[in-house]
Amino acid sequence: MNQLNKETAQMTEQQFSERVGACKEKLYRFAYCYVKNEQEALEIVSEATYKAYLAYRRLDNSQYFETWISRIVINCAMDHMRRHKKYTYMEDSVVEFSAKEDPVPLEDRWDLYEALDRLKPEDKAFIILKYFEDQRFKDMAEVLSMPESTVKTRLYRILDKLKRQLIKEEVDAL
């Protein structure tokens with residue numbers, strides 16, 4: 001009986017394709033937050049999708065598909081950054097997936113993005129998941145494969161580090 005349930009619960013190629021299509025913009029935003037370059041972000045998503053395609057039949061519970069593929073994108077982005085040793089490219093063109101106008105002034109956003117770029121890729125994942133993707137701690141814990149309490153602790157430490165970094169830069173600028 002359990003074997004029968006597992007076989008019927010297994011995702012088909014068509015379902016995999018539909019699920020990827022449904023979350024492609026979110027996956028792109030994850031990758032773009034890491035590399036700040038449209039082509040590299042698309043490359044990361046493409047690589048992650050390929051890796052996910054090779055392994056989707058081993059996914060036990062298709063309910064966690066989005067969490068699972070998000071983690072693959074994050075890992076591919078961190079691998080990409082390690083391979084390319086922190087080169088960041090800024091583009092003049094507006095990305096079609098970019099967010100709507102933000103009430104925060106451009107100069108303040110640049111400071112924030114620069115501070116985020118100085119974080120370790122592992123730390124950046126916490127900020128992206130919480131504030132760019134608006135995920136709950138429980139969902140973040142699933143994506144990052146760690147206990148919820150650890151996610152909270154690490155996020156608050158990272159935020160404190162960012163805050164101290166931004167304050168120090170502001171004091172140095174005066």
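This text walks through the structure from its overall make-up to single residues.

The model is predicted, so local features need pLDDT of at least 70, side-chain atom pairs count only at pLDDT 80 or more, and totals for chains, interfaces and linings use all residues. Residues are numbered from 1 along each chain as its sequence is written, and side-chain values use heavy atoms, with hydrogens and water left out.

Start with the whole chain. Its secondary structure comes to 8 helices and 0 strands. Here helices (H or I, at least four residues) and strands (E, at least two) are DSSP runs, numbered from the N terminus. From that terminus on, the elements run α-α-α-α-α-α-α-α. The chain has 174 residues, and buried ones make up 34% of them. Buried means under 20% relative accessible area, exposed means over 50%, and partly exposed lies in between (1.4 Å probe, protein chains only). Next come the contacts, meaning heavy atoms within 4.5 Å. Among contacts in the chain with a separation of 6 or more, 70% come from residues 24 or more positions apart.

Now turn to a helix pair. Two packed helices are described by the angle between their axes and the distance between the axes. H2 covers residues 13-35, and H3 covers residues 38-55. They pack at an angle of about 145 degrees, with their axes 9 Å apart. The contact draws on residues of H2 including Phe16, Val20, Leu27 and Tyr32, and on residues of H3 including Leu42, Val45, Ala52 and Tyr53. Axes are lines fitted to C-alpha atoms, for helices over the stretch in contact, and angles run from 0 to 180 degrees between N-to-C directions. The crossing of H2 and H3 is right-handed. A crossing is left-handed if the near helix is turned anticlockwise from the far one by less than a right angle, and right-handed if clockwise.

Stay on H2 for Arg19, which lies in this helix. Arg19 is partly exposed, because its relative accessible area is 32%. Leaving aside residues up to four places away in sequence, Arg19 touches Met11, Ser62, Gln63, Phe65 and Glu66. Take Phe65 among these: Arg19 and Phe65 are 46 residues apart in sequence, and 7.7 Å apart in space, C-alpha to C-alpha.

Ring pairs link Phe16, Tyr53, Tyr56, Phe65 and Trp68 into a cluster. The structure holds 7 aromatic pairs. Rings of Phe, Tyr and Trp (its six-membered ring) pair if their centres lie within 6.5 Å; planes under 30 degrees apart count as stacked, over 60 as edge-to-face and the rest as tilted.

What about cysteines? Cys23 counts as buried, because its relative accessibility is 4%. Cys33 is buried too, at 14%. The structure holds 0 disulfides, a disulfide being a pair of cysteine sulfur atoms within 2.5 Å.

Asp134 lies in the loop between H6 (121-132) and H7 (137-144). Asp134 has a positive phi of about 55 degrees although it is not a glycine. At 67% relative accessible area, Asp134 is exposed. Ser145 sits in the loop between H7 and H8 (148-173). Ser145 also has a positive phi of about 55 degrees, and is not a glycine. With a relative accessible area of 61%, Ser145 is exposed.

Finish at Phe137. The charged end of Lys130 sits over the ring of Phe137, 4.2 Å from its centre. A charge sits over a ring if NZ of Lys or CZ of Arg is within 6 Å of the ring centre and within 35 degrees of the ring normal.
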